[in-house]
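Hi,

Here's the structure I promised to pass on.

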Amino acid sequence: MKTFPAFLTGFLLLYFLHQDFWFWNDATLFFGLPVGLVYHVLYCVVVTLFFALAAKALLPKSTEG
Amino acid sequence: MIVLSIGLLSKRLFRGTGEDYFVATRSIGPFILLMSLFGTHMTAFALLGASGEAYHNGIGVFGLMASSSALIAPAVFLLVGSRAWSLGKKFGYLTQVQFFRDRWGSDVLGLLLFVVLVAFMIPYLLIGVMGAGITMHQITGGQVPQWVGGLLISAVILTYVIFGGLRGTAWANTFQTLVFMGLGAVTFWVIVQKLGGLSKAMTIVSQKRPSLLVRGDHVNPWTFLTYTFIPLSVATFPHIFMHWLSARKPESFRPAIVFYPLCIAVVWLPSVVIGVLGTINYPNLQGPAANAILVKMIELHAPEYLAGLLAAGIFAAVMSSLDSQVLALGSMFTQDVVRHYGFHNRMTEKQQVLFGRLFVFLIMAVTYSLSLISNRSIFKLGIWSFTGFATLLPIVVAALFWKRSTKQGAVASLLTVIFLWVYFFVQSGQAPDYTVGDTGIMPVAIILIASTLAMLVGSLLSPPPPANHIERFFERGQPKQSLHTVPTVDPSLDSDSSYRKTP
């Protein structure tokens, strides 16, 4: 019962983190790429971890053999 | 040749039924589901459109579409996809329209949805056919005209979809997805090496076009915020819905939910970076001409033998979406028109599948004709198509999760989408970066809010649906039956007023 509110909270937090206004005008290169781009690639990795937990908790389980 | 072979091979497993042709008898496992969903979702839009857009507007394109999709799409698979699969298996649905028609007991709603879904799908098909034409034209140094590339890809897809059905499409998608992900990485590495390494190439861009390395003035903050509604379209794409229904069991969704964000990063990062680096070698491309930047960079930097292979990767991405889209349209026509309106009484099951194939052929012919006269950016065409699909979300969510929702609410929501979509499309004219009143707010946000309100108000102002009808869709527990036949509203009861009798 508590898993969905936890999922929703995590989702909204990630939604906020997607709006990275803190790197909006930062052209610093990081590993050869602009930091604004590196941030969003790493963001995809974090989202992957989040959904690994979410799928474990929320995905229905089959009752068929 | 390989995808044609896959399509023909899968035909050997064809069981001769509509359910097998359209959803592979719900037998697709986790890995194939991930690959086919991802391959279907990523198209010329991701490879050609994203690199063309990055060429003009820089790295902000990744945050706009890629990382927002990385968050939204898995959430949709988890919350909407798995539940849609469960109801699809329980009641034997093969299309979205069957579900919506059954859920709200409305024939008019089903027909309206059929027309709207097909209409929104055409621009989406168009970007695939255009992408194929552009790729063929560029990779042959202009010797093969664009219309030949578009025609070739249309013919190949029609062939293996017609023979293979969803099983062939899912297998071909898996192969194609692996090809374009692998070759995308090779393309990226080859081009970056030719430019002297990533740091050196980006330093050149920072000196010549520094604004491309930040979002800066290229992206309005309101646009960045409201673009996140666009990936909600994955909840209502007919071809994605069809792939959901093909899953063997709910656990089959797990890799698609977990690894989708990584797959998106792997495909979009090279596309966006090559688009930005393209300004070094081709600094003066105007408007839609930038759609060809990825192919131009391959042609310029990759050895000849590799260039052909890399172009095949782009073809793979284009085909992996087009095939599912045309199959979904064929499925909808067969199930939602031919079967539903009683023509099936006069036809064998094979004849019904044949009619679906003829409809697919007709749609492809229309799309191909439009590709010959369209001069719009691939990216912009995609956005208008996705806007339409995303704004249908309230109908899907209400059908799956809101017992009190009614057909009146759903029709109100759908009519709101149609009216506002047409209004904003006409308002936008040929403006490439249209936002509502130049505020930066994307039309999708306004239409989505309006269609949600229409669903709420329309439902609450109309009588609640019969409890015994609704309970069928909200029973706890897992599927208890697989009917393998499609429940439909009895046409004789129609006139849009009768809910289907509970069995």
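Let me start with α15(B), which contributes the most to a nonpolar patch, 5 residues. That patch sits on the surface and is made up of Trp147(B), Leu151(B), Leu362(B), Val366(B), Leu370(B), Leu372(B) and Ile373(B), with about 680 Å² of accessible area together. Two helices, α8 (146–194) and α15 (349–373) of chain B, each supply at least two of its residues; Leu151(B), for one, lies in α8 of chain B. For patches, I took residues with over 30% relative accessible area and no salt bridge, joining nonpolar side chains (Val, Leu, Ile, Met, Phe, Trp, Tyr) within 5 Å and like charges within 9 Å. Accessible areas are Shrake-Rupley with a 1.4 Å probe, and for residues only the protein chains shown count as cover. Helices (H or I, at least four residues) and strands (E, at least two) are DSSP runs numbered from the N terminus.

Before the rest, some housekeeping. This is a predicted model, where local features need pLDDT of at least 70 and side-chain atom pairs count only at pLDDT 80 or more, while totals for chains, interfaces and linings use all residues. Residues are numbered from 1 along each chain as its sequence is written, chains are lettered from A and ligands numbered from 1 in the order in which they are written, and side-chain values use heavy atoms, with hydrogens and water left out.

Now the interface. 38 residues of chain A are in contact (heavy atoms within 4.5 Å) with 42 residues of chain B. The buried area between chain A and chain B (accessible area lost on being put together, 1.4 Å probe, summed over both) is about 3,600 Å², with 74% from carbon and sulfur atoms. Trp24(A), Phe51(A) and Leu59(A) supply 19% of what chain A buries against chain B, more than any other three residues.

There is 1 salt bridge between the chains (Lys or Arg side-chain nitrogen within 4 Å of an Asp or Glu carboxyl oxygen). Asp20(A) forms a salt bridge with Arg215(B), their closest N and O atoms being 2.4 Å apart.

Cheers

Notes:
Buried area is the accessible area (1.4 Å probe) that two parts lose on being put together, summed over both.
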